[in-house]
Amino acid sequence: MLTLTLPDGATRQVEEGTLPRDVVESIGPRLLRDALAVEVDGEVTDLVTPLRKGGAFKVLTAKDQQSLDVLRHSGAHILATAVRRLRPDAKIGFGPAIEDGFYYDFEVDHPFTPEDLESFEAEMRKVIADKYPFVREEVSQVEARKRFADDPLKLERLSEFSDDEIISTYTDGPFIDLCRGPHVPDTSYLKHFKLLHTAGAYWRGDEHRQMLQRIYATAFFSKDDLDAYVTRLEEAKRRDHRVLGQQLDLYSTDQRVGPGLILWHPRGAIVRNEIETYERDLILRHGYSLVYTPHIVSEKLFQISGHLENFKENMFGAMEVEGAAYRPKPMNCPGHICIYQSSPRSYRDLPIRYAEFGTVYRYERSGVLHGMLRVRGFTQDDAHVFCTADQVVTEIERLLDLVDEMLNTFGYPYTIELATRPDKYLGTAEVWQRAEETLAGVLKARGKEYSVDPGGGTFYGPKLDFKLIDAIGRKWQGPTVQLDFNLPERFDLEYNGADNAPHRPTMLHRVLVGSMERFVGGLVEHYAGAFPVWLAPEQVRVIPISDDTRAAGESIVNRLKAAGVRVHLDDRSETLNYRIREAETLKIPYMAIVGKREAESDALALRIRGAGKKQEVLPVQEFVDRVKGEIASRTITP
Ligand SMILES: [Zn+2]
Ligand SMILES: [Zn+2]
């Protein structure tokens, strides 16, 4: 017998092998109508999978977050059902739910076209209307091989099952799949869905295997949610940093340089330099010292740090110099530690805060590279704090101030996550608990809301993750601060205490923007390419209407330049409209148009980005002061 504990604390005894649907029905037939799946002892399972263990028992309806994954994965089966009806030759791969929807992989001779997607979507509506139940069966290896005899990808998967593993198949109408579940009760539960696009995807993510065609789709419980998501996707497309990066001439990559290695163009370099200058001033004010460390480092250092042991697949290969092996550094920490150890440290020296815009190199498979967001070489705004255990609280407090000031400047709201001890960890459970309590305590004392990511810490310490929320509500990786119980041990870090005895310092790793490449890529999407004045590569474009006003235009340019403004004169003989349009395409914050009347009165007609054709005539000096003020205060406008 199994004991199930219901949310109200009541318990039920059921025989092993009972179907959850029977349990749900015994609780209430109405509940069965709303039930999509159940959660048993923390695991989501569908209504037709026999119960094999007891524990907390919860019925999942459309109101529960976990149900969405069940719906979406069921959607993947429905998609495959439709595809197989129209393209019987398509071999099937896998079809999981993913963060914003689901996909299914197919092996076909010709890639799917947008028209194919339309017909698949129409066919899915028929499968849904047919209201096929998802029928589960447990079968033997021999039986399973028979059922999937024509599906080599499924046969490959079957060969990996161990003898004691249960093999289950699910059938909805004409379609059968090898699957563990869970699924919704029948195909009619999928109502609000959309096929989005196709992409090539290697079978099992392995670039040595065949390329499959992946169909991406999404599904929601309500039409409003689906519509909102589709709108957000369109908005995200409009903001794609790869497209805007080219349009605004910010960066490129070149196969001759290598994939995932970013070439910063002059306009992109201005944005990056402004951020670095701003951040450098900020952290110097916050008590950091700047350091520089080399790009290639003897492999021995990474043996001590443990990177060769734990991070090797992400490192570039070794190069030999005079019999010693060197590697491009994947992280800056070991270098900073060496600076710390370059002389004896006393408790009076602590805390020591080393910061570096340190360029690191990490191997990423070419298939996962993505514009500026996922690259093989990037610059981290990295810092390491060495302090006494007593100083950790103050250091975290200082860091919260730093993060707040920085993210406000860029106009990012943010959330905070506390990632706690994983299953595999270094140090003792007590040390972890104390560290986690310290982090949580500081957040609470500061009145900061945060969520806990249980087990989300890395093996060497708990961390705080800040997630940026961009203009269309997407979350981006932001600052992190990580306590480290590992490296101080490995490097045998010490300081001399007030008791004149050696002590182990506590070490904090922290980044604010993280990868400069990813941060700028994210900013491009956050601002939709319309950088605030202080970051804009070109802040003002002066456009004289005709030759008569060129001299007045030049004078405006010179006065702006003298005030430290990035300004260009567009006195080409193109039409006024053409020149205005080009400035708009480049998303320049201000256009100063100089006509005859303006030239005579030391004024200019101002066009503000985003304000359409509206023009405001104002004295040149007033405009210079205004732009100067906006740059100095780093306002987000216009
Ligand atoms: Zn399934
Ligand atoms: Zn570090």
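**Exercises on a zinc site and a pocket**

The four donor atoms around the zinc ion (ligand 1) subtend angles of 90 to 127 degrees, so the arrangement is tetrahedral (four donors with all angles between 85 and 135 degrees). The model is predicted, local features need pLDDT of at least 70, side-chain atom pairs count only at pLDDT 80 or more, and totals for chains, interfaces and linings use all residues. Residues are numbered from 1 along each chain as its sequence is written, chains are lettered from A and ligands numbered from 1 in the order in which they are written, and side-chain values use heavy atoms, with hydrogens and water left out.

**Exercise 1.** Find the residues that coordinate the zinc ion (ligand 1) and state their spacing in sequence.

Step 1. His73 (NE2), His77 (NE2), Cys179 (SG) and His183 (NE2) coordinate the zinc ion at 1.9 to 2.1 Å; donors are N, O and S atoms within 2.8 Å of the metal (3.2 Å for Na, K and Ca).

Step 2. The spacing of these donor residues reads H-x3-H-x101-C-x3-H. Histidine 77 in helix α3 and histidine 183 in the loop between β11 and β12 (192-202) are 106 residues apart and link distant parts of the chain.

Step 3. Histidine 77 and histidine 183 are both buried (under 20% relative accessible area, 1.4 Å probe, protein chains only).

**Exercise 2.** State which element gives the most residues to the lining of the second largest pocket, and sort the lining by class.

Step 1. The element is α3, with four residues; helices (H or I, at least four residues) are DSSP runs, numbered from the N terminus.

Step 2. The lining has 15 nonpolar, seven polar and eleven charged residues. Asp, Glu, Lys and Arg count as charged, Ala, Val, Leu, Ile, Met, Phe, Trp, Tyr, Cys and Pro as nonpolar, and the others as polar.

Key:
Helix = DSSP H or I, 4+ residues; strand = E, 2+ residues; numbered from the N terminus. Tetrahedral: all angles 85-135°; square planar, octahedral: opposite > 155°, others 65-115°. Buried < 20%, exposed > 50% of the residue type's maximum accessible area, 1.4 Å probe, protein only.
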